[in-house]
Amino acid sequence: MDIATQRKWDNAVRGYDLMNGFGPERRWEPWKRELFSHMAGNVLFLAIGTGQDIQFFPPGRRITAIDISERMLDQARPRAEKYDGDLDLRHLDVHDLDYPTATFDQVFTSCTFCSVPNPVDGLRALGRVLKPGGTLGMFEHTGSRFFPFGLMLDLMTPLTRRLGPELNRNTPDNVQRAGFVDVVVEPVYLDVVKIIRARRPH
Ligand SMILES: C[S@@+](CC[C@H](N)C(=O)[O-])C[C@H]1O[C@@H](n2cnc3c(N)ncnc32)[C@H](O)[C@@H]1O
């Protein structure tokens with residue numbers, strides 16, 4: 001377990017729902033609902049945070065949701081208990097996944113790979129636990145190709161990484177570098193917010 005990352009996100013819990021729970025969640029709701037509507041089979045969700053995304057999960061699914069922060073999971077627990085399906089929360093670092101190879105049919109993430117310290121290694125770890133041909137579905141914010149957004153995100157990242165996420169990551173590239181194939185990017189907002197879909201090769 002990466003204790004420094006765990007502490008950083010434990011500390012970010014205070015005010016997290018206030019900052020992210022209302023405007024952003026309402027704004028991104030249609031995209032998240034559509035992405036999560038494809039959940040099927042044995043699903044791994046990284047990282048559940050305070051559980052804001054649970055309201056957008058379709059009912060009746062079998063989902064294991066993990067997070068490195070115990071304090072985030074404490075907030076998520078009451079939301080998980082209300083989920084109409086099988087939702088198991090676990091305290092786990094994506095870099096230490098203890099599941100056998102090819103356990104899950106699908107993996108989903110939401111605003112996660114701005115935060116995982118070693119994104120390509122983290123994505124490789126997800127690829128290992130996915131079944132061959134299994135799918136990855138991500139709702140992520142990244143750096144941007146568009147001026148001045150890309151430059152602004154580059155300038156803000158040294159500060160934001162101390163408190164939480166890195167804003168200028170190239171997550172689609174990282175997905176490819178981690179060995180996923182059929183990588184498809186659907187822009188949601190200004191080449192910053194995007195849905196990324198990919199597949200573990202057979
Ligand atoms: C920006 S928050 C997003 C939380 C949630 N998905 C949401 O959209 O509200 C990033 C989350 O990633 C988790 N995280 C960061 N590094 C992680 C790691 N190595 N393994 C598991 N979870 C991690 C943090 O604890 C935090 O809950």
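Is glutamine 176 buried, partly exposed or exposed? In this predicted model, glutamine 176 comes out as partly exposed, because its relative accessible area is 48%, and a residue has to be over 50% to count as exposed. Glutamine 176 belongs to helix 7, which runs over residues 171-177. From there to isoleucine 195 there are 19 residues in sequence, and the two C-alpha atoms sit 14 Å apart in space.

A shell of 21 residues surrounds the ligand, with Tyr16, Ala47, Asp67, Asp93 and Ser110 the closest. Sorted by class, that shell holds 12 nonpolar, six polar and three charged residues. Some of the polar contacts can be picked out one by one. The side chain of aspartate 67 puts an N or O atom 2.5 Å from an oxygen atom of the ligand. A polar backbone atom of alanine 47 is 2.8 Å from a nitrogen atom of the ligand, and a backbone N or O atom of isoleucine 68 is 3.2 Å from a ligand nitrogen. As for cover, the ligand on its own has 590 Å² of accessible area, and the protein covers 97% of that.

Tyrosine 16, for its part, is in helix 2, residues 16-20. With a relative accessible area of 23%, tyrosine 16 counts as partly exposed, since buried would call for a value under 20%. Tyrosine 16 and glycine 150 are 134 residues apart along the chain, with 24 Å between their C-alpha atoms.

Even so, helix 4 has a bend of about 40° at alanine 76, with a proline, proline 78, following within four residues. What is buried in this helix? The buried residues are Met72, Leu73, Ala76 and Ala80. As a rule, an α-helix has 3.6 residues a turn, so residues three or four places apart point the same way. Alanine 76, where the bend falls, is thus one of the buried residues of helix 4. Aspartate 74 is found in helix 4 too, but is partly exposed, because its relative accessible area is 45%. Between aspartate 74 and valine 185 lie 111 residues of sequence separation and, C-alpha to C-alpha, 33 Å of space.

Finally, there are a couple of backbone angles to mention. Alanine 102 has phi near 60°, a positive value in a residue other than glycine. The place of alanine 102 is the loop between strand 3 (86-91) and strand 4 (104-110), and its relative accessibility of 28% makes it partly exposed. Aspartate 182 is not a glycine either, yet its phi is positive at about 50°. Aspartate 182 is found in a strand, namely strand 6, which covers residues 181-189.

Terms used. Residues numbered from 1 in each chain as written. Predicted model: local features only at pLDDT ≥ 70, side-chain atom pairs only at ≥ 80, totals over all residues. Heavy atoms only, no water. Near = heavy atom within 4 Å. Polar contact = N/O pair within 3.5 Å; in protein donor to acceptor, adjacent residues only side chain to side chain. Areas by Shrake-Rupley, 256 points an atom, 1.4 Å probe, with all protein chains shown as cover. Nonpolar A, V, L, I, M, F, W, Y, C, P; charged D, E, K, R; others polar. Bend = angle between axes of the 7 residues up to and from the residue. Helix = DSSP H or I, 4+ residues; strand = E, 2+ residues; numbered from the N terminus. Buried < 20%, exposed > 50% of the residue type's maximum accessible area, 1.4 Å probe, protein only.
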